[in-house]
Amino acid sequence: MSENRFAGKTAAVTGAASGIGEAIAIRLMAEGANVVGIDLAGEALGAMATEFGKSFLPVTADVTKEDEIAAALDAAVTRFGALDLAFNVAGASRVGAIVDLDEADWDFTVDLVQKGVFLCTKHEARRMNAGGRGGAIVNVSSLNARVPMPGGSPYATGKAGVEMFSKNAALELASSGIRVNSVLPGLVDTPLVAPVLAYEPAQAMFLDRIPMARAATPDEVAGPCLYLASDDASYITGASLIVDGGWELSNFPNFSKLAG
Ligand SMILES: NC(=O)c1ccc[n+]([C@@H]2O[C@H](COP(=O)([O-])OP(=O)(O)OC[C@H]3O[C@@H](n4cnc5c(N)ncnc54)[C@H](O)[C@@H]3O)[C@@H](O)[C@H]2O)c1
């Protein structure tokens, strides 16, 4: 970790109050950036503001509400002078088999994971354009963009949309000097998946599929996200970076387990 990699930069992080977004926000500040943390969880954001002081601006906002996102990003520009980097991380899902799934649960999930990323990217890019010095946007998708999940059709569909949307945004924004990439995490040990990981049989089934045989820490996803936003990735745009401990590779049966 470099102490000054993001010195003088301002970053927006959605979902900053927990898990991967929190890890991204904390690492950005450790590497010199100012951060506007955007989340529904105002209390947790307030605790971060107390801990991190003037380099952290907490804004309670819903990523599915365009006016709230626009206001949050305006607050960042007013406080810090510009917007250089953005990490669209906020997410959650409602599950259910397709034949039983309520329309409202589909809308909740797809609006949050997919429309939220569109609205945030739109307003982040506008403010980066206004600053005139380009920028970088990292959208957190999921391995479920490539791997469907029983009962998870709205989430997997929405996350696949995030991956393609990021490529489309990369295409449209390259001439403005704005790079857009997506990160596809596998299993990450955050409050989102804590109930599943706490159930030992479910955890064992997950780990059986992951060659590295463990979940990622939030920091192990934050690092690749920061890399894509850094100058070391200055020629990378429209890319999808899978961060999954090898999970995507493990669909073939592992016959070596029969031997032992
Ligand atoms: N944990 C995993 O295994 C995993 C794997 C792949 C992808 N992801 C994705 O990573 C992202 C972060 O997940 P996490 O595991 O850190 O979860 P998390 O639950 O720890 O954090 C998600 C944060 O998003 C916020 N949020 C939810 N809805 C919001 C809204 N409408 N507006 C603003 N904020 C909202 C929540 O309040 C929470 O603070 C999500 O997009 C998730 O889909 C997670």
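Analyst: A disulfide is assigned where a pair of cysteine sulfur atoms lies within 2.5 Å. Before applying that, note that this is a predicted model, in which local features need pLDDT of at least 70 and side-chain atom pairs count only at pLDDT 80 or more, while totals for chains, interfaces and linings use all residues. Residues are numbered from 1 along each chain as its sequence is written, and side-chain values use heavy atoms, with hydrogens and water left out.

User: How many disulfides does the structure hold?

Analyst: The structure holds 0 disulfides. C120 is in no disulfide, and the nearest cysteine sulfur, that of C225, is 15 Å away; C225 is likewise in no disulfide, its nearest cysteine sulfur being that of C120.

User: Are C120 and C225 buried or exposed?

Analyst: The classes rest on relative accessible area, with buried meaning under 20%, exposed over 50% and partly exposed in between (1.4 Å probe, protein chains only). C120 is buried at 1%, and C225 is buried at 0%.

User: How many salt bridges are there by the rule used here?

Analyst: A salt bridge is a side-chain nitrogen of Lys or Arg within 4 Å of a carboxyl oxygen of Asp or Glu, and by this rule the count comes to 12. One of them joins E66 to K122, with the closest N and O atoms 2.7 Å apart. Because E66 lies in helix α3 and K122 in helix α4 (residues 103-131), this pair ties together parts that are 56 residues apart in sequence; helices here are DSSP runs (H or I, at least four residues), as are strands (E, at least two), numbered from the N terminus. E66 is partly exposed at 31% relative accessibility, and K122 is partly exposed at 28%.

User: Which parts does the pair of R127 and D74 tie together?

Analyst: The side chains of R127 and D74 meet in a salt bridge at 2.9 Å, N to O. R127 lies in helix α4 and D74 in helix α3, so the parts tied together are 53 residues apart in sequence. R127 is buried, with a relative accessible area of 14%, whereas D74 counts as partly exposed at 39%.

User: What does the side chain of D84 reach?

Analyst: A polar contact is a pair of N or O atoms within 3.5 Å; within protein, one must be able to donate a hydrogen and the other to accept it, and residues adjacent in sequence count only if both atoms are side-chain atoms. The side chain of D84 reaches the backbone nitrogen of T10 at 2.8 Å. D84 lies in the loop between α3 and β4 (85-88), and at 3% relative accessibility D84 counts as buried.

User: Which residues form a nonpolar patch on the surface?

Analyst: Patches are made of residues with over 30% relative accessible area and no salt bridge, like charges being joined within 9 Å and nonpolar side chains (Val, Leu, Ile, Met, Phe, Trp, Tyr) within 5 Å. Accessible areas come from the Shrake-Rupley method with a 1.4 Å probe, and for residues only the protein chains shown count as cover. Here F252, F255 and L258 form a nonpolar patch, with about 430 Å² of accessible area together. L258 is placed in helix α9 (residues 256-259) and counts as exposed at 72% relative accessibility.
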